[in-house]
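Please open the model in your viewer and keep the selection tool at hand. The tour visits a ligand and then a pocket.

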Amino acid sequence: MAHVDLASARIWRGAPQAVAACVAVVALAFVAPAEGYYLNILMQAVTYAIAVSGLVVVLGYCGQISIAQAAFFGIGAYGVAIGTGDFGLGFVPSLLMGVAAAGLLGLILGLGSLRLGGHYLAMVTISFQQIMTLFATNWISFTHGPDGIRDIPRPTILGVSFANGHAFLALCLVCLVFSTLAIWRLKTGRLGRAMQAVRDNELAAGTCGINVFGTKVMAFGMSAVMGGVGGGLFASGFQYISPDQFTFGESIVLLTMALLGGVQSPFGSLVGTVVLVLLPEWLRFLKQIYLAVYGAAVILIMVFLPDGLWGLMLDRVIRRSKPIVGDVSPLPLLSEQGAETDEIVLKVEGLAKHFGGVKALDGVDLAVRRGSVHALIGPNGSGKSTFINVVTGLYRPTSGTVTFAGTDITHAAPHLRNRAGLARTYQNIRVFRGMTVLENVMVGAERPGNDIAENPAQVVDRALAALDFVGLRADAHRQVGALSYGHQRYVEIARGLAASPQTLLLDEPAAGLNLTEKHELGALLRRLKGHGLTILIIDHDMNLVEQVADHITVLNFGRRIADGTPSVVLANPDVIAAYLGEPRREAA
Ligand code: ADP
Ligand code: MG
């Protein structure tokens, strides 16, 4: 019952604020000065703010830099101008047309993120921006060229006329309220979390079941839609547009607004937009030196407030959630009894991975039985991590096959392997640093295909259960970066467990842990083993390995040199020579 209540509460979350905000902004619009200079400034701030909130999605949430927001703004504006003028359509269909065009081009631009990242992707967005400006200027028969388009009408929607400046401003403000709330809610939803995971750690996001590429494309599309909506309203608000309003320079201004206010939050982008629209007006009395002062002010704010103005103000207050008390259902795994079976759940045959001349893996065979704990050991550089990276799809094998639960996954994308039930942790911790402990684990819980993935309340429940299991429930609302190194490892394990994996791959989970933490980890692994979770573990701590492993495979220089039960493998002279040597006796 509690789940249902929570789920329906979610739908309405923000609704009272939305209504209150709408009433407030409509009242505000009507006390604003009538037509003229100040109304224009307000109109500009509001329509820009809608476009800037798109940058919160693509840059703030998803971490992809786009320097083309003015182009999308322009596409929306031209949609309204050409739609209502040349095509003789109404405002709403024209706006929808412009927004659809912007969204579509945004998705296409996002496709560029398949092969390109960082600076290169930024360059592509700049090129796109320039091409759009060229189109607007030179395709005169369609866009009316450099002279622009005049006399764009203000709409009448459902019998209500928005011809008056106050009324149109009110319409823009209501759109801003909805876009801001939508983007605020996006952040705490599944898609928003996926975007933030991609931003914080692309590799880990993929192995948590997130379609990294699809998520980026979606972020670009949504951002472009927001740009288009802002631009469409702008065109009708000012009733005149020309290509020089949608140039590269304007894209930079929009980007600055987002960064200045705080790109992680739609409220931040709002603050940034208002400040950057008003600042030049306030500074106009400085005449010739006003641009220099304006530039200096922007630089100072950015240098001293890296999280933007909003970061300074309220985000922290809003984000500080109440601790979650009450019972959660335990992990489903805990109701199972462990027993090794004969079924081979993970089968790797002839696996090779060469990096140039380095044969990191050289024809390795390995079979993991369901319900067993299988250890993979060997000296540093023997190919253990590479093995896990190939099995989880981060590296393409040079040759060989990987079969998981009866399916050949040799060429499957990482997120599809995760969805098939393969979860992992990393030797070098890969948590989502911008998120809380709970959010990190929720990303694991809501992997598509998980039993509870579609129910937001149960996702929280499952994530808390996983945190309970590793003993970190009390830290659920802390930023993950604030935890100790060892506890961050537990967060990774919890994130894996929350996904209800069939097999968990652990790459040196004991590395960097202190003695107490190592004991805790040993106990944790024994509990997991007791409940029958299949585990493939890499570790150098032979005490730990001996305690938990049913089966050991030893690698050396990318080749398998031994494979079998612990007693046989650890007594193998090749293994002693290559790996165990003296330290083995000490450890024993
Ligand atoms: P282990 O985890 O057993 O310590 P790794 O799998 O990390 O070993 O590395 C095996 C070998 O492959 C090493 O020689 C390492 O330098 C090399 N290697 C691993 N990853 C890469 C990579 N991305 N590019 C080039 N060489 C790599
Ligand atoms: Mg390694």
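**Around the ligand**

Begin by selecting ligand 1 in this predicted model, and then colour helix 17, which gives the largest share of the shell around ligand 1, namely three residues. Helix 17 spans 384-391, and together with strand 4, which spans 358-369, it belongs to the elements that each supply at least two residues of this shell.

Next, select the residues around ligand 1, among them F355, V358, N380, G381, K384 and T386. Sorted by class, the shell around ligand 1 holds five nonpolar, six polar and one charged residues.

Now show S382, where a backbone N or O atom lies 3.2 Å from an oxygen atom of ligand 1, and then S385, where a polar backbone atom is 2.9 Å from an oxygen atom of the ligand. How much of ligand 1 does the protein bury? Taken alone, ligand 1 exposes 560 Å², and the protein buries 63% of that.

**The second largest pocket**

Move on to L114, G393, R396, A413 and P414, which, of the 23 residues lining the second largest pocket, lie nearest its centre. Helix 10 (202-207), helix 11 (212-238) and helix 18 (414-419) are the elements that give two or more residues to this lining. The space in the second largest pocket is about 660 Å³.

Finally, colour domain 1 (11-247) and domain 2 (333-421 + 502-588), each of which contributes at least three residues to the lining of the second largest pocket. By class, this lining has eleven nonpolar, seven polar and five charged residues.

How values were computed:
Residues numbered from 1 in each chain as written. Chains lettered and ligands numbered in written order. Predicted model: local features only at pLDDT ≥ 70, side-chain atom pairs only at ≥ 80, totals over all residues. Heavy atoms only, no water. Near = heavy atom within 4 Å. Polar contact = N/O pair within 3.5 Å; in protein donor to acceptor, adjacent residues only side chain to side chain. Areas by Shrake-Rupley, 256 points an atom, 1.4 Å probe, with all protein chains shown as cover. Helix = DSSP H or I, 4+ residues; strand = E, 2+ residues; numbered from the N terminus. Nonpolar A, V, L, I, M, F, W, Y, C, P; charged D, E, K, R; others polar. 1 Å grid on protein atoms, 1.4 Å probe; cavity = no way out; pocket = protein on both sides within 12 Å on 5 of 7 lines; lining within 4 Å. Points joined across faces, edges and corners; volume = space filled by probe spheres on them. Domains from an automatic or database assignment.
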